[in-house]
Amino acid sequence: MEKGQREQRIAQLVEELLGLIGENAQRTGLKETPQRVARMLGEIYRGYDPAQKPKITTFPNGEDGIVYDSMVVDTGDFYSCCEHHMMPFFGKYYFAYLPHPKGKILGISKIGRVVDYCAAKLQVQERLTHEVVEMLAQALDGEYPPLGIALVMRGEHLCKTMRGARKKGEMVSSYLTGMFQTDSAVRAEFMNIVNQL
């Protein structure tokens, strides 16, 4: 189905849904809402569109004369929707990796783009954490893969905060590979950085 047809069908369904919850889709404030919702869904669920998958730029470590073998850490925000109630969950991510001295290094902006792409579909936080690490690990793979990759995600889940239990819906998930998993000093260094950010 083409994009325009898909948006039109979604708008029809949203208009029907509004009626089913007791709203009047024809009242002034809601007249354009079904179309806005259709466009919004295309944006927030862009993770289903392979054409929007980010290109992950990497560079040979040492290409500029400096071999980087220390921990690289990136942090930022993420936004997703839970697959159980289609309600938002969002929070902060903390990503780190240990480049192999003969391997590749990441373009730092690509980390956030991968997080955004993986988050832009119905998710559970545990799977989201794994998908981000696996996509970045694949980009860094080669003869000399990174010595370790780590990701911690701290999210608030509105399906718990706004409904159901109506308690603060905080969740922490992590995925550690390589030295982050096997070397307690490396793991402690990373967690110390996470706790300070």
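1. The model is a predicted one, and the points that follow should be read with that in mind. Its open sheet contains 5 strands, arranged in the order β5-β2-β3-β6-β7, and the pairing among them is mixed. The edges are taken by β5 (122–123) and β7 (170–176), each of which has a single partner strand, so one side of each is left without a neighbour in the sheet.

2. Within this sheet, strand β2 (residues 72–82) and strand β3 (residues 88–98) run antiparallel and are joined by 10 bridges. In general, strands of a sheet pair through backbone hydrogen bonds, in either a parallel or an antiparallel manner.

3. The loop between β2 and β3 holds Met86, whose phi is near 60°, a positive value in a residue other than glycine. This deserves a look in the backbone, because most residues other than glycine have a negative phi.

4. Helix α4 (residues 125–140) has 16 residues, which at 1.5 Å a residue should span 22 Å; the end C-alpha atoms of α4 are 23 Å apart, which agrees with that expectation. The buried residues of α4 are Gln125, Leu128, Thr129, Val132, Val133, Met135, Leu136, Ala139 and Leu140. They cover an arc of only 160° around the axis, and therefore lie on the same side of α4. Just after α4 comes Gly142, with a positive phi of about 155°.

5. Where does Ala25 sit, and is Ala25 buried or exposed? Ala25 is found in the loop between α1 (3–20) and α2 (33–44), and because its relative accessibility is 9%, where buried means under 20%, Ala25 counts as buried. Once its neighbours within four places in sequence are left aside, Ala25 is in contact with Glu15, Leu18, Leu30 and Lys31.

6. Arg166 has its place in the loop between α5 (158–161) and β7, and with a relative accessibility of 60% Arg166 counts as exposed.

Technical notes
Residues are numbered from 1 along each chain as its sequence is written. This is a predicted model: local features need pLDDT of at least 70, side-chain atom pairs count only at pLDDT 80 or more; totals for chains, interfaces and linings use all residues. Side-chain values use heavy atoms; hydrogens and water are left out. Two strands pair if DSSP finds at least two bridges between them. Helices (H or I, at least four residues) and strands (E, at least two) are DSSP runs, numbered from the N terminus. The expected span of a helix is 1.5 Å times one less than its number of residues. Buried means under 20% relative accessible area, exposed over 50%, partly exposed in between (1.4 Å probe, protein chains only). The arc is that of the directions from the helix axis to the C-beta atoms. Contact means heavy atoms within 4.5 Å.
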